[in-house]
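Trainee: Could you show me how to read a sheet, a helix face and a chain contact in a model such as this?

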Amino acid sequence: MPSAEPTPPEAARWAARAGLPLPADRHAAVAATAQHIHSVVAVLRELDFADTPPATAYRAEQETHDAAV
Amino acid sequence: MQPYELTLGAAAEAVRTRRLSPVELVDSVLERIGRTEPRLHAYVTVTAERARRAARAAEDDIAAGRHHGPLHGVPMGLKDLIDVAGIATSASSRVRADHRAEASSTVAGRLEAAGAVLVGKTHTHEFAYGLTTPQTRNAWHTGRVAGGSSGGSAVAVAAGTATFALGTDTGGSIRVPAALNGVVGLKPTYGLVPRHGVTSLSWSLDHVGPITRTVEDAALVLAALAGHDPRDPASLTAPATGYRPPTGTDLTGLRVGVPRNYYFDHVDPEVETAVRAAVDEFEALGARLVEVEIPMTRYIQATQWGLMVPEATAYHERTLRTVPELYRGDVRVLLEAGELMPAGDYLRAQRSRTLMRREWAAVLREVDLIAAPTVPATAVEAGQETITWADGTTEAVSDAYVRLSSPANITGVPSLSLPVGHDTTGLPIGMQLLGRPLGERVLLRVGHAYEQTRPARKLAPAA
């Protein structure tokens, strides 16, 4: 997806599809912020996750049990 | 020295030995609030009458031999995302104008049981979704940002208007304002401190923890907060442990990781110098310094945003549709744009977190902790939007402030921020110590050892 997306009309359509009707005066600002967010998170597409499961719920301590020194 | 100037440890000892009554201590802090709040604006609400009643009750209990421990009769501020029964949790937002908490959060309940006295609710960047807390002024220079989102809590502790406070931390919101105001902030291991009754920004990244004047004080508060609560689905079942650090300063045998990448890139030279000097002090105390490579740095911001943005938008789903005009502009547009993020981006961030946790665990098998700057710059001027680095690149202030703190939110590892000096304009510099999951005791021990080598810190001058 080119980084110029979403355009303001696309932002309005996508938001409406998500159940959030945006007034016309919000389209440009929301599109600009959505473009920026997209440019930040898009780098995750470079990663080859193979069988890696998502950490939807996790226990921070499960990796190590020898925290005490 | 006035009672409001005392550290929690010193106040607790004075109260325990009945050299200071909780009434005197609370009155001193309330009087201090009256003098400094017109300039600092750390508090949303000051609960003076409630605090005086609680102080009298604490005094009576202690006189009758019912001493509840080091927090008994000690004045505290709670970030205004933390529910206290009968009081509004405003989240520093007009969206919560008519709010009133029906019940207390787990942490407020535990602190009340420990005898701590609530003096007020402190300002947050609206719903914790930002790094500056624009309502509040920095305690060292009122023209500078407080940092955020727990800006009110950090300023209150720095200014002597709370003996300790609680903050929340989703990308750095305890540690960033702690560093910018010259106080101590601890983001505990994910799940160690229950979040039931605390307004969420992002469930899988949110933490609650103490903001204090010393590392020892942070240990005293953590001991009252930690422990399982099944009402927080992330709450750990780890057995209770003591956190109070030993008095010695010997760090022989401890391996301190010093990052060779990421944590010293695009960092103000004065911040780097102060942090490296503190690291050298660890070596002088017997620790062994070990260079470490921080993994997956290219994906830190993407992972943080991929998790936080859709979770924050989900939390605000209803009010974003009913009262969007009540949010401040910066928060509203982030919540709205979050509606546009595909589920695939969120899942990639979740899977990236799995990889990042594994790789951090491997690094933390080689060292006992990692030492690094908390934030890459000291407090910027209020209203400043970008920082320009020596190589000519610019970075949004909020991106810069969260850059070094968010890895601990993604991985869930504990991080302790403590003051390590000042820049040439007198603004505080913070260092963070990152540990293994449930490695708080190590961080507190090292931080306390360092503090014992330095002169006792004074309250912030702008107060």
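The dialogue below takes these topics in turn.

Mentor: This is a predicted model, in which local features need pLDDT of at least 70 and side-chain atom pairs count only at pLDDT 80 or more, while totals for chains, interfaces and linings use all residues. Residues are numbered from 1 along each chain as its sequence is written, and chains are lettered from A and ligands numbered from 1 in the order in which they are written.

Trainee: In what order do the 11 strands of the open sheet in chain B lie?

Mentor: Strands of a sheet pair through backbone hydrogen bonds, either parallel or antiparallel. Here the order is S1-S3-S2-S4-S6-S5-S12-S13-S9-S7-S8 in chain B, with mixed pairing (strands are DSSP E runs of at least two residues, helices H or I runs of at least four, both numbered from the N terminus; two strands pair if DSSP finds at least two bridges between them). Strands S1 (43–46) and S8 (288–292) of chain B stand at the edges, each with a single partner strand, so one side of each has no neighbour in the sheet.

Trainee: Which residues of helix H1 in chain B are buried?

Mentor: In H1 (residues 8–16) of chain B, they are B:Leu8, B:Ala11, B:Ala12 and B:Val15, where buried means that 20 or more other C-beta atoms, placed from the backbone, lie within 10 Å of the residue's own. Seen down the axis of H1(B), these buried residues fall within an arc of 100° (taken from the directions from the helix axis to the C-beta atoms), so they line one face of the helix. Just after H1(B), B:Arg18 takes a positive phi of about 60°.

Trainee: How many residues of chain A are in contact with chain B?

Mentor: 33 residues of chain A are in contact with 44 residues of chain B, contact meaning that C-beta atoms placed from the backbone lie within 7 Å. The largest share of chain A's side, 7 residues, comes from H2(A).

Conventions:
Buried ≥ 20, exposed ≤ 12 C-beta atoms within 10 Å, placed from the backbone. Contact = placed C-beta atoms within 7 Å.
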